[in-house]
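Subject: Structure handover

Hello,

I am passing on the structure we spoke about. Please look through it first, then read the notes below.

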Amino acid sequence: MKKTALEGLYLWSAYQPEHGLDFNGFFWIRPDGGNVLFDPLPLGEADAAFIREKGGARWIVITNADHWRAADALREAFRAEVHAPA
């Protein structure tokens, strides 16, 4: 998990050789404890532990139909609500 320039915002990446670039997932730690995952990729154990240590994730936000990725598995793991466009 990498810290970004914005307070409380982290990202993790996975290289996608068919596209020639890294895909990113984001984790936003909110002061009220309602943490959010955006377009999550599958998590390694260390990143999953980091999220659990920070209070888990209450919501998963999908910004694009192609970004569903690991949303189902992480919804179950963190008992999070998924929000996505129709």
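In which helix is the place of Asp47? Asp47 sits in helix α1. Before going further, note that this is a predicted model, in which local features need pLDDT of at least 70 and side-chain atom pairs count only at pLDDT 80 or more, while totals for chains, interfaces and linings use all residues. Residues are numbered from 1 along each chain as its sequence is written, and side-chain values use heavy atoms, with hydrogens and water left out. Helices (H or I, at least four residues) and strands (E, at least two) are DSSP runs, numbered from the N terminus.

Asp47 is buried, with a relative accessible area of 15%. Here buried means under 20% relative accessible area and exposed means over 50%, with partly exposed in between (1.4 Å probe, protein chains only). Leaving aside residues up to four places away in sequence, Asp47 touches Met1 and Trp12; contact means heavy atoms within 4.5 Å. Asp47 and Lys2 are 45 residues apart in sequence, and their C-alpha atoms are 9.6 Å apart in space.

Gln16, in strand β2 (residues 9–16), is also a buried residue, at 17% relative accessible area. Its contacts, not counting residues up to four places away in sequence, are Leu21 and Phe23.

The nonpolar core

A nonpolar core is a set of buried Ala, Val, Leu, Ile, Met, Phe, Trp, Tyr and Cys residues joined through side-chain atoms within 4.5 Å. The largest one has 15 residues, and those with the most contacts inside it are Trp12, Phe27, Leu37, Ile51, Ile60, Leu74 and Phe78. At least two residues of this core come from each of β2, α1 and α2. The element that gives the most is α2, with three residues.

Ile60 touches Leu37, Pro40, Ala71, Leu74, Arg75, Ala80, Glu81, Val82 and His83, again not counting residues up to four places away in sequence.

Helix α2

Which residues of α2 are buried? They are Ala71, Leu74 and Phe78. Seen down the axis of α2, these buried residues fall within an arc of 70 degrees, so they line one face of the helix. The arc is that of the directions from the helix axis to the C-beta atoms. An α-helix has 3.6 residues a turn, so residues three or four places apart point the same way. The buried residues of α2 pack against β4 (36–38), α1 (45–53) and β5 (59–61). On the other side of α2, Ala73 and Glu76 are exposed. Just after the helix, Arg79 takes a positive phi of about 55 degrees.

Salt bridges

A salt bridge is a side-chain nitrogen of Lys or Arg within 4 Å of a carboxyl oxygen of Asp or Glu. By this rule there are four salt bridges. One of them belongs to α2 (residues 71–78), where Arg75 and Asp72 lie three residues apart, about one turn of the helix. Their closest N and O atoms are 3.2 Å apart. Arg75 is partly exposed at 32% relative accessibility, and Asp72 is partly exposed at 37%.

Another joins Arg52 and Glu45, at 2.5 Å from N to O. Arg52 counts as partly exposed at 45% relative accessibility, whereas Glu45 counts as exposed at 55%. Glu7 forms a salt bridge with Lys3, with 3.9 Å between the closest N and O atoms. Glu7 is exposed, with a relative accessible area of 71%.

Aromatic rings

Rings of Phe, Tyr and Trp (its six-membered ring) pair if their centres lie within 6.5 Å; planes under 30 degrees apart count as stacked, over 60 as edge-to-face and the rest as tilted. The structure holds three aromatic pairs. In one of them, the rings of Phe27 and Phe50 have centres 6.2 Å apart and planes at 80 degrees, so the pair is edge-to-face. Phe27 lies in strand β3 (residues 21–28) and Phe50 in helix α1, so this pair ties together parts that are 23 residues apart in sequence. Phe27 is buried at 0% relative accessible area, and Phe50 is buried at 18%. Ring pairs link Tyr10, Phe27 and Phe50 into a cluster.

A charge sits over a ring if NZ of Lys or CZ of Arg is within 6 Å of the ring centre and within 35 degrees of the ring normal. Lys3 lies over the face of Tyr10, 5.7 Å from the ring centre. Arg30 lies over the face of Trp28, at 5.2 Å from the ring centre.

Regards
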